[in-house]
Amino acid sequence: MLLARLAEVSREVAAASARSRKTALLADLFRETAPADVPVVIPYLAGRLPQGRLGIGWKLLSRTTDPAPAPALTVLDTDARLTALGAIKGTGSQAERARLLTQLMSAATADEQRFLLGLLTGEVRQGALDAIAVEALAQATEAPPADVRRAVMLAGSLQPVAEAVLKEGPSALAGFRLTVGRPVFPMLAHTAASTDEALAKLGPCAVEEKLDGVRVQLHRAASEIHVYTRTLDEITDRVPELTALARQFEATSFILDGEILALDPATDRPLPFQDTAGRVGSRVDVTKAAETTPLSPVFFDVLSVDGRDLLDLPYRDRHAELARLVPEPMRVRRAVVSEPVPAAEFLAGALARGHEGVVLKALDAPYSAGRRGASWLKVKPVHTLDLVVLAVERGHGRRTGKLSNLHLGARTADGGFAMLGKTFKGMTDAMLTWQTERLGALATADDGWVVTVRPELVVEIAYDGLQRSSRYPAGVTLRFARVVRYREDKRPEEADTVETLLAAHPEVRP
C-alpha cells in the first residue's frame, strides 16, 4: 500500500464529523490492505509508530525539504526507513539522522510529509479511532461486529485480529479465546456527575472505592505467573510482591483484575500516584524497592478461574468467584446500594480515606473488556483552576493551521507565572478558531512550533489531580488537564496561585 493512500484516509477521517463516515472510510482502506501491511497500517492510523519514540527533535523536523512530485513510498518502505533512523546511535548520530530524515521527506509528497510530521510529533489526532477501526474491520470483512470486538478484546490488540481476518476471513475470529498468560484490554468506566445520577441509571448496584493506583492483571497458570498493566505491558519482574502472592491462592489457574498502590505505613492512606508509578517503573534493585516502597494489591474482578471463562457471567457472580479466591483484605472495599443516601455516604467515606472516588457497577453486567461500558460509572470530584496561557503550540493533523496545545501557568509570589503543564483537550472547533486569532494577537515570539504570548488570557482548567514533576518550576504538574472555558471576565492577576494549588494538594507538595 502506498503511504499516500494512508495519508489521504487519515486526512479524510480527521475532517469527517460523522462516525458512519469515518467507519466507511476505514472500511474501504481495510479492503485494500494486504495482511503484510497491517502491522504498519494499524498503528499509523492510530497516530503511533511501531518503533515507539525515535528521539527526533523539533530542530530536525522543522527543516523544510522539497516534496516528491508523485507518490512512490509504500507503508513498508516508510517503516523500514524509520526503523533504520531509530537505530542510529553514537558519534555523528545527529548528522546521520538528519541525512536519513531528509532522504525520507524528499521521497514523500507534500501530503505525505504532513502525515509523517504528525506521526513523528505525536500530533495525529482523529478522534476515537481504535473503536471505529474495529467497526470498520467488521464492515470490510462482513464479520459480525460483536465477534470482531470480542476477538480484539481477547487478543489485546486490533493488529493480530486484522491480520488474521483479512487473510482468512471471519472464520479466523473463532481462534481468539481467553487465555491465561495473554492479557486482555481491561473494562473501563464512563463518568457520572454524582452517585445519584449513576444510581438512577443503574438501579441497585455495587459501589466500590476508586483507587489511584496502577491497573494490573495477575495471571497464573500452574507455576507460570505474569503481571500486566492497563496498556498490556508486562511488569512481572518489577512486582515480586504479586508473584509471591499469586502462589498463595488455592486456585492454580486464574486471571485477576485490580490495582496496586503504595500506602503510607503510618496511616494506611494511599501515597501520591507518582510514588506508585515510580515504584512500578523502577527496574533497578527491585528487591530493595519492594522493601522500601511495598505495593499493596486490591482486586475487584476475576476473568478466569480453574480453566473457566467468566467474562460473560453477571458481575454479581464474578464477584462471588472473586470472594472465594481472594481474601477480603485484598478485595476492594464495596457495598451493594439501592438508595441515594448510602451511595453518597460511601463516596464521602472513600474520599476521607484518601481515594479518588467511587465506581458504581451494574450487578447483572458481563465483563466488557476494552470498552467503556455503560454498566460501570465512575464518580469523583472535579478540580478547577483559573490559569494564564503562557504559550501555545501549532497543531497538526486535523488541527493544522490552528494554535492548539496550551502552556498553562499559575501566579507566583514574585508576580510572575510558573508553568504547570500543557493541554489540548476539551476544545471545540469554535474555541480553536477563537483562540488561534486571540493568541496570535498576543504573540511575542514564534520559533515555528511554540508561540510565546503575553500572559493576559485566563482560562478555566479542569484537572484530576497533581503529581510531582522536576520538569516544571513549581515542582508539580496537572494530571489530565482539559479546558472548560475562557475567562475573559478575569484579569491575569486574578488567576490562581501556585501556593493556593499546593495548599489544596498537600500530599504532593514538592
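Me: Why is Tyr486 called buried?
Reply: This is a predicted model, so every value here is computed from it. The relative accessible area of Tyr486 is 14%. Buried means under 20%. Tyr486 therefore counts as buried.

Me: And what is Trp434 called, buried or partly exposed?
Reply: Trp434 has a relative accessible area of 29%.

Me: How do you know whether Phe249 and Phe254 are buried or exposed?
Reply: Phe249 has 6% relative accessibility. Phe254 has 0%. Both values fall under the limit, so both residues are buried.

Me: Why is the pair of Trp434 and Tyr486 called tilted?
Reply: The ring centres are 4.8 Å apart, and the planes are at 50 degrees. Stacked needs under 30 degrees and edge-to-face over 60, so tilted is what remains. Trp434 sits in helix α17 (residues 429-441) and Tyr486 in strand β19 (residues 482-486), so the pair ties together parts 52 residues apart in sequence.

Me: Which residues form one aromatic cluster?
Reply: Phe249, Phe254 and Phe299 do.

Me: What makes Arg150 and Asp309 a salt bridge?
Reply: Their side chains meet at 3.7 Å, N to O. The cut-off is 4 Å, so the pair counts. Arg150 belongs to helix α9 (residues 145-155) and Asp309 to strand β7 (residues 308-309), so the bridge ties together parts that are 159 residues apart in sequence.

Me: Are those two residues buried or partly exposed?
Reply: Arg150 has a relative accessible area of 30%. Asp309 has 39%. Both lie between 20% and 50%, so both are partly exposed.

Me: How do you know that Arg318 and Asp301 form a salt bridge?
Reply: The distance from N to O is 2.8 Å, within the 4 Å cut-off. Arg318 is in helix α15 (residues 315-325) and Asp301 in strand β6 (residues 295-305), so parts 17 residues apart in sequence are tied together.

Me: What about Arg491 and Glu493: what makes them a salt bridge?
Reply: Their side chains meet at 2.9 Å, N to O, and the cut-off is 4 Å. Arg491 has a relative accessible area of 48% and Glu493 one of 47%. Exposed needs over 50%, so both stay partly exposed.

Me: How many salt bridges does the structure hold, and which residues are linked in a network?
Reply: The structure holds 35 salt bridges. Lys210, Glu356, Lys380, Asp464 and Arg482 are linked in a network of them.

Me: Which residues of α15 are buried, and how do you know where they lie around the axis?
Reply: Tyr315, Arg318, His319, Glu321, Leu322 and Leu325 are buried in α15. They cover an arc of only 155 degrees around the axis, which puts them on the same side of α15.

Me: What lines the second largest pocket?
Reply: The lining has 39 residues, with Lys210, Arg230, Lys378, Lys380 and Phe480 nearest the centre. The lining divides into 17 nonpolar, five polar and 17 charged residues. Strand β1 gives the largest share, four residues. The space inside comes to about 1100 Å³.

Me: Why is Pro473 called exposed?
Reply: Pro473 has 66% relative accessibility. Pro473 is in the loop between β17 (465-468) and β18 (476-479). Met419 lies 54 residues from Pro473 in sequence and 6.7 Å away in space, C-alpha to C-alpha.

Conventions: Residues are numbered from 1 along each chain as its sequence is written. This is a predicted model: local features need pLDDT of at least 70, side-chain atom pairs count only at pLDDT 80 or more; totals for chains, interfaces and linings use all residues. Side-chain values use heavy atoms; hydrogens and water are left out. On a 1 Å grid over the protein atoms alone, a cavity is a set of points where a 1.4 Å probe fits but cannot get out, and a pocket is an open set with protein on both sides within 12 Å along at least five of seven lines; lining residues have an atom within 4 Å of a point. Grid points are joined across faces, edges and corners, and a volume is the space filled by probe spheres set on the points. Helices (H or I, at least four residues) and strands (E, at least two) are DSSP runs, numbered from the N terminus. Ala, Val, Leu, Ile, Met, Phe, Trp, Tyr, Cys and Pro count as nonpolar, Asp, Glu, Lys and Arg as charged, and the others, Gly among them, as polar. Buried means under 20% relative accessible area, exposed over 50%, partly exposed in between (1.4 Å probe, protein chains only). The arc is that of the directions from the helix axis to the C-beta atoms. Rings of Phe, Tyr and Trp (its six-membered ring) pair if their centres lie within 6.5 Å; planes under 30 degrees apart count as stacked, over 60 as edge-to-face and the rest as tilted.
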